[in-house]
Amino acid sequence: MSRSKKESSTISMGEAMATPSRKSITDAPDRIEESGGVQPGAMQYDYTNFYFGAGEDAFALLGPFDDWWQEVKPAGYYMYELPLQTAPGTRVDVEDTKTGGIREGLINFASYNYLGLSYRPEVKEAIKEAADVYGGGASGSPILSGTTELHRRFAEEVAAFKNKEAALIFPTGYSANVGTIAGLMRSGDLIVADQYAHASVVDGMILSKATSKFFRHNRADDLERKLKGFDGKKLVIIEGVYSMDGDVPPLGEIVEVCRKYGARLMIDEAHSAFVYGENGRGVVEDQGFEDEVDIHLGTFSKSLGGQGGYVAGSSALVNYLRGFSRSRFFSCALSPVVVAGLRKALELAVAEPELRAKLWDNVAYMQKLLADAQIPIGDSTSQVIPIMVRDDARIFAIGEEIFREGIFINPVKYPAVGKHKSRFRMSISASHTREDLEQGAAIFQRVLQRYGICP
Amino acid sequence: MPVGSYAFRTGVSAFFEMATEDAVAALPRHLQPIEVRHQRSVLSVTAFLFDESEVGPYTELMLSVVVPPMVGSWLHHAKAGFYPFLAATSSEEARRRREERFHFPYLDEDIDAQFIETGDRLTVRAWVGGDPLLDLSVTQYSWESTTHVLQGFMMNGEERLRTTLQISGEYTMHENERGSINLYPHPLIKDVFRNEMPSSPFREHWFKNGREVFHSLEAF
């Protein structure tokens, strides 16, 4: 097709464009000086603008970042790392670092305590007893002096719970992913992960030096495109519940593709272990693919309300990772005090299936309240419910109002999620009462109505 | 000091993931691509319809690799850097002047382009010598006024140069993956992308009724 250069033009077809009207309420107008100096609207910048910088001084970005931070912190970024004054229960007291006051009795939708186990009296008692015996810390790497009898038993209990031959305990969920992926895969291998996989998965991929690819979220057809034609070792990584969207993977489709191309499959059940499935063994149990997944990973900081991570699978896998997971054996072992609390929390999670029933009842109730209020929650089907705001410029202003009206929840914006995919990530707990949920939904509705996000 | 000012009626910029291997191949040795994911860099495809410049109206198309900006003070902090590895215009005079001033790697041939608005979508179609080069579509989100401070990098022979540029105007941007690109197997671009290129941008920018201001070039 040939066209004349005279034809370069704008052609309006169909309806006219929406009139540009709304301006950011938090952004000051930009001032451009003839000298070339620029005073940017600080809130139009974000962390990514300070990640890369060319030059010779490793500290060169510190100054510009600090100047930016001083401007944006009071404008909204202060809402991160607000110090709690209480346990992460369903009601919390939180320091408002903007005013210096303590906001008391906020409904807590921020903490991961899905089964409410972190502050159970039995758990606290187990922790106290372990502190009397073992003191505060493990004082050593798990492969040297840091493994106590508590660690050994807990690893066996986790393996038994997961119906696997063995399990390995890590100091954090982050280190479990990094240590497992980098411990197993090498340069020249291929790792394909869901595009929404956690940062610890991505960091493990980088450390492994394997060729890394990402498939479109939950799309088995795209996974197949990424695997096709590669000869060599292949590992596919997915999550049980995606932490920012609260949706689950189509395990059957993904297992089928992995089998077709001879890829091993690893699942990170950080947000789904202990809550999904009849026995709490995760999305793999819930969807019936426990034996088809090769590597089962999870954390203890979410549903068990403690700290740490695990990998479970065959004895051969665990034995290999014991020797090659650098993030584990170059870290101090989990504190025995924490392990004692985790053992009790796991015991309670197994003994009290009614906790999971209560959680799912609460999830269904909250989802109904939000649906009735026409508050958008994306594709969530889990206890992680994103309240979709989709307005990067106003997410902090909305967050401040929600905070001051009585809810503790964190705003999530770019780069943690995509541009204009900003949201509040709500975590539902079995411990929430109907009153907590009703009050919380009413506050969200009231504030979001003011911003035109729900009717 | 501003050395070039160009008013535009409409402009698009779409970011695509590209293999870092391809990005590195398009860059001079002193520049490195930024990575949005491990081993995935960023290709920027821009098309602007300038309706006011020293040579009158014309269209410009640029393919760039996104690179780290040189760090300055907060007052001059650029959001991103761009290294254009292919530029083309519909006007020989515009090309000659911009090439002399900014040393962008212009194609020595006029392009033809159409900017087509349909509802909330803008589609740019470009041809070279009658052969289709690319079709690029972006979509709108909410509109606001903005100024982007960016850095452009270029080479004049062996000399390494950079400039600060500001793009001001009405602006909409999102990452909802509603846009698309179709790169035709044109000799100009077929060898650039040896690895798989996605068919939709991960970020879509659309500008209206604004101005692009270039500041003087600095050697570094």
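In β12(A), A312(A) is the bridge partner of A167(A). Five bridges in total join β6(A) to β12 (residues 309-313) of chain A, and the two strands run antiparallel; pairing requires at least two DSSP bridges between two strands, while strands (E, at least two residues) and helices (H or I, at least four) are DSSP runs numbered from the N terminus. The model is predicted, so local features need pLDDT of at least 70 and side-chain atom pairs count only at pLDDT 80 or more, whereas totals for chains, interfaces and linings use all residues. Residues are numbered from 1 along each chain as its sequence is written, with chains lettered from A and ligands numbered from 1 in the order in which they are written.

This pair belongs to an open sheet of seven strands with mixed pairing, ordered β6-β12-β11-β10-β9-β7-β8 in chain A. Because β6 (166-170) and β8 (211-215) of chain A stand at the edges, each with a single partner strand, one side of each is left without a neighbour in the sheet.

Turning to helix packing, α3 (residues 149-162) and α11 (residues 336-351) of chain A pack at about 30 degrees with axes 10 Å apart; axes are lines fitted to C-alpha atoms, for helices over the stretch in contact, and angles run from 0 to 180 degrees between N-to-C directions.
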